[in-house]
Structures are given as structure tokens and as C-alpha cells.
Amino acid sequence: MKVLIIEDELQLAQSIISYLSGQSYSCEHAGNYDHALDKIHLHEYDCILLDLMLPGGDGLQLLEALKKRNQHEGVIIISAKDSMDDKIKGLQTGADDYLSKPFHLPELAARIYSVIRRRKFQNNNIIQQGTLQIDLLAKTVHVGDVPVLLTKKEFDLLVYFLGNKNRVISKNALAEHLSGDMAGMLDSHSFVYAHIKNLKRKLTEAGAGNYLKTIYATGYKWEI
Amino acid sequence: MSKLLNRSMKAFVLYAGIVFACSIPVYYAIVDLIWQHELKEHNHIVSETIKQNLQALSLSDTALTESVLLWNKLRPENQLQLATALQPDSTYNLYRKNKYIPSKGYDRFQGLVTYFLLNNQPYRLTLETNMEETHETIVAIAVVTFTFFLILLVGFIFINRKISEKLWRPFYQSLRQIQTFDLHKPNDIRFAPTDIEEFTLLNHQLDKLITGNIAIYKQQKEFTQNASHELQTPLSIVKFKLDLLYQSKTISDEQSELIDQAHQALAKVTRINKNLLLLARIENSQFPETAIIDLPDLIADQLLQLEDFLQEKSLQVVQQLTPGVKITGNQLLVEILLTNLLINAIRHSAAHQTITVKLTPHSLEISNPGATALQESILFRRFGTFSSNASGTGLGLAIVHQICSVYGWQECYHFENDLHIFSIRWA
């Protein structure tokens, strides 16, 4: 899976590359508008991360150029602009997702995973891992033939973990993923523990392998 | 409310009315004086004519007596009588009935009594001339004056309208321009040029003011965007680095705890930054779109999103919602307002307590149990109740206050029956 990161801040780009490289992604980086335009014209990508404020041009213009080519790469806007207007404008221009900075890297990885899934496997949106079978479109989970009934949040967590295989994810990141801005406003994140516990229990009861590990005191990992 | 020029015209009309009213007795007095003067002169001429003609006749005493008798019979109003001695002339002015034409009622007469010698006998001649009566004169003058006043009034109104249309046209044009002006959509304002100094000055100053405001508005807007961008990037870097650090193979429980704490502090800084920018943006009126919002729906929605936090603390929520209550406002701002109030209640409730959300057609009340009253004067201020070790940013209620002031709603806190009650009134 090829990911292009269009981001002028080198530190951010490096962090993203460093995080994503651990998965099956190969990453490329463009630090300005012209460089990004060259790359878009020369190569094909599965997913493009696009910063809106770029040296040499506006990210939205890049997005328009991309959409004219009518290719199937997914585009996720990562921007410091977080006003509703910017989000609507970005999504209307043709982005698949919009993430405003600062976000957690596992959040980005999960979103990339979802975008690629949606773009690439439109007819058969099923992930198989051992005996575990997840239908992203129907939002159902089976272990072998046994259906596992998950709540919306448990399913959400499962997909989040699948997008961050073999990565340690902090409870903070999970809380922010589950409840957005509200997570930070309240002290305790033990509700995350409750959801994880339920997910873990349901999967083990159905006979799936024990993929979900608790790491250190505050993190979790989907290990395969 | 009356127009400027109409107001000045009222004064002019009033003044003209007073002047015209005062002129009536003055006219009358002058006309009467002229009349009296002229009639005195007339009587004098007549008396001289009679005098000289009689003297020229040189009648004998008996003929004279007969002539005088005949004169007095023919002209009873002009009596010629023997007098005891010559006396100086005198005049009088009186009302009396004409005994020959009594139907005419009282008439006014100007009289002259003059003495002269005829055949060495002093004679007294009384001459009376009918003159215009006072009440007739004054009525005539009043009617004429009033007619002219009416003509003047019609002229005033007409001229006033013409002047006001022409004179104030640039003013009303400028007014229309300002009325249609909206800082959120600053289309170019062009004031039409005028040849009136004051309006040119006014337009110039308005132009300066508006251009200045647009510039400041743009500047502030840019500032919020730039500040957001400038702060968000370093915050992102720290966050990413912590995320990466978390992936290290050799990390210990203790280090993991440290990263977690750093994450939490970072999340708080991020939120303070976001909230400050939000406040700036509300102050700059950058949320102009409004919609009609169904409050019971929105409250249910918000409570659903907060479900995890409610369950975590085993909090009960009692909803007393009047169905179908709608308010007009910006969707995002109303959501923020509700979230902030609800989170506030959740944060300050101990486990197993009950939060009450009460919605009436004119107000919203969110209450949670508490021990002591809070200080209302600082509650809605920025960082008013800020404590460094809590998760709050100290800005939540300031944002509530700011949103309320945008829409003219009234936010209020009171402590009653061991309950903290926050309420919003919008009507």
C-alpha cells in the first residue's frame, strides 16, 4: 500500500512515516506544492495525506487536480484549520476524510485503513484474520460461523485496532477516538477499559484467538 | 419619530403662525388710524366748504335763520346750531343707530364739531361720517391674513418636500448603503459623490470607519487562523513524538505512565488553545449561519454522546423536556453550549447522583447536586474557576456566556436546595 504524505512540516511527516512504516505501508513525502504535484502526476497511491497550507500553493488546488484525473486514491486532509467551513469545503472538493491537527497517529492509521478499505474493496469489504471475519460494510463480525454481537463502539474499537496492528495504543488515543473532543474534558477514561473488556470477552467466548493484549498500564495492542 | 427637515418646518410654521396672528391687530390698528385720519380730514373739508359757502352767501339774519332751519331739516346728521361762544374744534368717534335706516343696526361715526361766525353770531356745525365698523374690519383682515398664511403653509410644505428630496438624497443613499452593509460579507461600499460639504465629510468618515473595520475584521480572522495553525503544528509534533515513543519496545510501566500524563497535559493545552480560538471566533461573529434547532432532539443526542461518561460515574439523568421546543441559532454554537453545560454538570457530580435537565419553551435548566454555592460573579469569566490540576480548561462557561451574549440570551447560576442550577433563558 502506497501512501503519499503532503506536509511541509518535516517533523510531522517523519513521525507519520515512522508510525505507518511499521504496518504494510510504503510512504513517500512531498514538502511543497510543486513537489506534490510532480509526485501525483508520476505515481499512483492508495492514499494521500494532504495538508491544506502548503508552501507554493493551496492544498485544495492539489485536491482539485487529483479529482480531475479520476483515479481511485483516497485523500485524507490533515489540517490545522478546524472550522466547519474548511471541513465542508475539503469534503465537498472530494476528500474522503478530514482530520484536524493535532490528532493521534493511531487515529490517522485507522482512518487510512478505512479509506483504503472503502476505495479498494467496494464489493467485498471483508477482512479475514485467522477464524475472525469482519464485514466492514454490514458491520458484522463472525468467528468461523458463529456471529459475534458487538455494540457500535466495540465494533469501532475493533476496526481501530485492525488499522493499527502490532502498535501500542494508549487509552488516551482510544478515548479520543470514541468520544472526540469530549474525552479530554472529563478526567477519567475508564469507560475505555469497559469497552475493551467487553470486546475481548466477546471475541474469546466466540473462540477467536487472543489478539488483544494489554500492554503496560495504559495501553493496548492488537497483536498478530 | 419625525424627519429632521419636518421638525425644523414645524418650528417655522409655528413662528409664521404667531407672526401672522400678531399682525392682525396691528393691521387693524393701522387701517383704523388711517380711516380716522382720512375721515377727520374729510369732515374738515366738508365743514370748511359749508362754512365758506354760507359766509359767501351774505344772507340777512332772517334769511339765515330760515336757511339754517332748512339745512337742519335736510341734513339732520349735520346740525348747524347757534352757539353761545366760539370754541376750538373737537372730534369724536361713536357707535349709534341710524334712525333713518334702523335695519342696519349700529353704525360707527366719525364726528367733527366746529364753530364759526356767521353774521357775527357764533354757530356750531356738527358733521358725522359713517366709517367702517371695527368688527367688520378685523374679520376682513383676519380672513385675508389667514388666507395668506394658508398659501404660505402650502408653499412651505411643497418647498420643504422638494428641498428635502434633493438635499437629503445623498444622506439617504449613504444610509441605505450602511443598512445593507454586513461585516461578514463585506461587499464594497461606494458612497455617491455629493456637492454638499457636510455629506462629503460624513461619507468620507464613514468610508474610513468601514474600511478600517473591515481591515481589522480581516486581520482578526487571519489571526485566529494563523494562531491556530502556528500552535497546532508544534502541538501535533509533541503528540506524534509521544505516540512514537509509546511504540518503543523497551518501555516500562513507569515510562508509559509518564507518557500518558504528558498526553493528558497536552490534550488540555490543545483544548485551551481550541477554546480560546473558539472564543475569538465567536467574538468576531464568525458563526453567522443560523438554523432552527429542535432542542429536545439535540439534548437527547448530546446525552447519547456522553453516555460513556454518565455510565462511568453511574449518573442518572432526569429529563423533563417540553417536546417541540425550538430555538434559532448556529447549530455548532448551540451544540457547544449544551455540551459545555452538560459536561460541567457531569464533572462536578459525585458518583451515583442525579442530573436534571429541564426544558421549558423559554428556558433550559441543568442542575446537579452540590454542597456549597459557587461564586456567580466569576463563574462565567475566562479562567474564573480554573484550577491547574482539574481537566477543565476554565473556558467552558466563558464560552457559554459568549454564545449567550451573541444571541441575547440570559445565562444564570443559582444554588438552591443543595443543587447547582445553571439556566439559559432565551425569551
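**Ground rules**

I number residues from 1 along each chain as its sequence is written, and chains are lettered from A and ligands numbered from 1 in the order in which they are written. The model is predicted, with local features needing pLDDT of at least 70, side-chain atom pairs counting only at pLDDT 80 or more, and totals for chains, interfaces and linings using all residues; side-chain values use heavy atoms, with hydrogens and water left out.

**Entry 1: where the chains meet**

I looked up the contacts between the two chains (contact means heavy atoms within 4.5 Å). I found 42 residues of chain B touching 43 residues of chain A. Next came buried area, which is the accessible area (1.4 Å probe) that two parts lose on being put together, summed over both. Chain B and chain A bury about 4100 Å² between them. Of this, 58% is on carbon and sulfur atoms. Which residues of chain B lose the most area to chain A? They are B:Phe240, B:Tyr246 and B:Phe309, together 16% of what that side buries.

I then checked polar contacts. A polar contact is a pair of N or O atoms within 3.5 Å; within protein, one must be able to donate a hydrogen and the other to accept it, and residues adjacent in sequence count only if both atoms are side-chain atoms. Across the interface, 13 residue pairs are in polar contact, both residues at pLDDT 80 or more. Which element gives the most to the side of chain B that touches chain A? I noted α5(B), with twelve residues. Helices (H or I, at least four residues) and strands (E, at least two) are DSSP runs, numbered from the N terminus.

**Entry 2: salt bridges**

Side chains of opposite charge can pair when their charged atoms come close. I used this rule: a side-chain nitrogen of Lys or Arg within 4 Å of a carboxyl oxygen of Asp or Glu. The structure holds 16 salt bridges over all chains. Two salt bridges cross the interface of chain B and chain A. I looked at A:Glu176 and B:Lys239, whose side chains meet at 3.1 Å, N to O.

A:Glu205 counts as exposed because its relative accessibility is 60%. A:Arg201 is partly exposed, at 40%.

B:Lys326 is in strand β7 (residues 326-329) and B:Asp294 in strand β5 (residues 291-294), 32 residues apart.

**Entry 3: a surface patch**

I looked up a nonpolar patch of about 370 Å², made by B:Phe158, B:Ile159, B:Ile163 and B:Leu167. Patches are made of residues with over 30% relative accessible area and no salt bridge: like charges are joined within 9 Å, nonpolar side chains (Val, Leu, Ile, Met, Phe, Trp, Tyr) within 5 Å. Accessible areas come from the Shrake-Rupley method with a 1.4 Å probe; for residues, only the protein chains shown count as cover. B:Ile159 is in helix α3 (residues 134-167) of chain B. B:Ile159 is partly exposed, with a relative accessible area of 46%.

Definitions and conventions: Buried < 20%, exposed > 50% of the residue type's maximum accessible area, 1.4 Å probe, protein only.
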